[in-house]
Amino acid sequence: MRILVLEDDLAISAMIRTALDRAGLLAEVEHDGQEGWFRGDTEAFDAAILDLGLPVLDGLTVLKRWRKAGRNLPVLVLTARGNWDERVEGIDAGADDYLTKPFRVEELVARVRALLRRAAGHPAPVIELGDLSLDTRQMRVTREGIAVPLSPQEFRLVSYLMHHRTRVVPQQELTEHLYFGETELDSNAVEVLVRRVRQKLGADSIRTRRGFGYFMGGAAE
Ligand code: CA
């Protein structure tokens, strides 16, 4: 899952990046509102963390522009302490959640995970699919109750497909959501990753709809 982080404070953005990375999420950081708005408008992200006090273009304007253009990614806004009116304005402008500075980064990550689950229609922290179970808090996949060790990339693939288990996910979407934008990976890399996961979770765990993409579970059949 790719998370767009718009935060101009370098220490805070570095802390967020590290925490998201540890949680198995890919963070892409921008430090000014104009650049961040553009990336959220033109690239595929699964959620955004948006500081309201940003240079060049303020966070509220960024959010309003995204929503007006129909960009519906979940957005968590960061506000300064005491600015309750800013929070109200943020929520009215289409924010899904907010956090007041200073915050514990663990809480931020938990809220982001909840946003991702809710956006995918899974409010519970554990997503079950047949004999597979994905614990989004512990970044763990179990099969018939036994933990299966996965590499970070393998985990991201399984997590993405399980969050979107009601549909077939095109290969192009996977290359966009599983890798950093600067690392251009071809479709071959996704195929290799899928093959590795099948070896660990079973040949039927990820299925191919030829010409369309990949899916897990039977809902997309
Ligand atoms: Ca700021």
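## Salt bridges

The count comes to 18 salt bridges, where a salt bridge is a side-chain nitrogen of Lys or Arg within 4 Å of a carboxyl oxygen of Asp or Glu. This is a predicted model: local features need pLDDT of at least 70, side-chain atom pairs count only at pLDDT 80 or more, and totals for chains, interfaces and linings use all residues. Residues are numbered from 1 along each chain as its sequence is written, and side-chain values use heavy atoms, with hydrogens and water left out.

Side chains of opposite charge can pair when their charged atoms come close.

| Pair | N to O distance |
|---|---|
| Arg39 and Glu43 | 2.9 Å |
| Asp96 and Arg67 | 3.0 Å |
| Arg167 and Glu173 | 2.8 Å |

The Asp96 and Arg67 pair links distant parts of the chain, 29 residues apart. Asp96 sits in the loop between helix H4 (84-92) and strand S5, and Arg67 is in helix H3 (residues 59-68). Helices (H or I, at least four residues) and strands (E, at least two) are DSSP runs, numbered from the N terminus.

How covered are these partners? Buried means under 20% relative accessible area, exposed over 50%, and partly exposed in between (1.4 Å probe, protein chains only). Asp96 is partly exposed, because its relative accessible area is 40%. Arg67 is partly exposed too, at 23%.

Glu43 is partly exposed, at 29%. Arg167 is partly exposed at 30%, whereas Glu173 counts as buried at 16%. Arg39 and Glu43 also belong to one network with Arg2, Glu28 and Glu30, joined by salt bridges that share partners.

Asp51 counts as buried because its relative accessibility is 5%. Gly53 has 47%, so this residue counts as partly exposed.

## The parallel sheet

Five strands form an open sheet with parallel pairing, in the order S2-S1-S3-S4-S5. Strand S2 (26-30) and strand S5 (97-100) are the edge strands, each pairing on one side only. On average, neighbouring strands are turned by 20 degrees against each other, direction ignored.

Strand S1 (residues 2-6) runs parallel to S2 and is joined to it by five bridges. Two strands pair if DSSP finds at least two bridges between them. Ile3 has Ala27 as its bridge partner in S2.

Helix H5 (residues 105-119) lies across S1, strand S3 (47-51), strand S4 (75-79) and S5. H5 runs at about 175 degrees to S5. Axes are lines fitted to C-alpha atoms, for helices over the stretch in contact, and angles run from 0 to 180 degrees between N-to-C directions.

Helix H6 (residues 152-163) has 12 residues and reaches 16 Å from its first C-alpha to its last. That is close to the 16 Å expected at 1.5 Å a residue, the expected span being 1.5 Å times one less than the number of residues. H6 is mostly covered, with 10 of its 12 residues buried. Among them are Phe155, Leu161 and Met162.

Contact means heavy atoms within 4.5 Å.

Ser133 is found in strand S7 (residues 132-135). This serine counts as buried because its relative accessibility is 13%.

Leu129 lies in strand S6 (residues 126-129). At 16% relative accessibility, Leu129 counts as buried. The C-alpha atoms of Leu129 and Arg165 are separated by 8.5 Å, with the two residues 36 apart along the chain.
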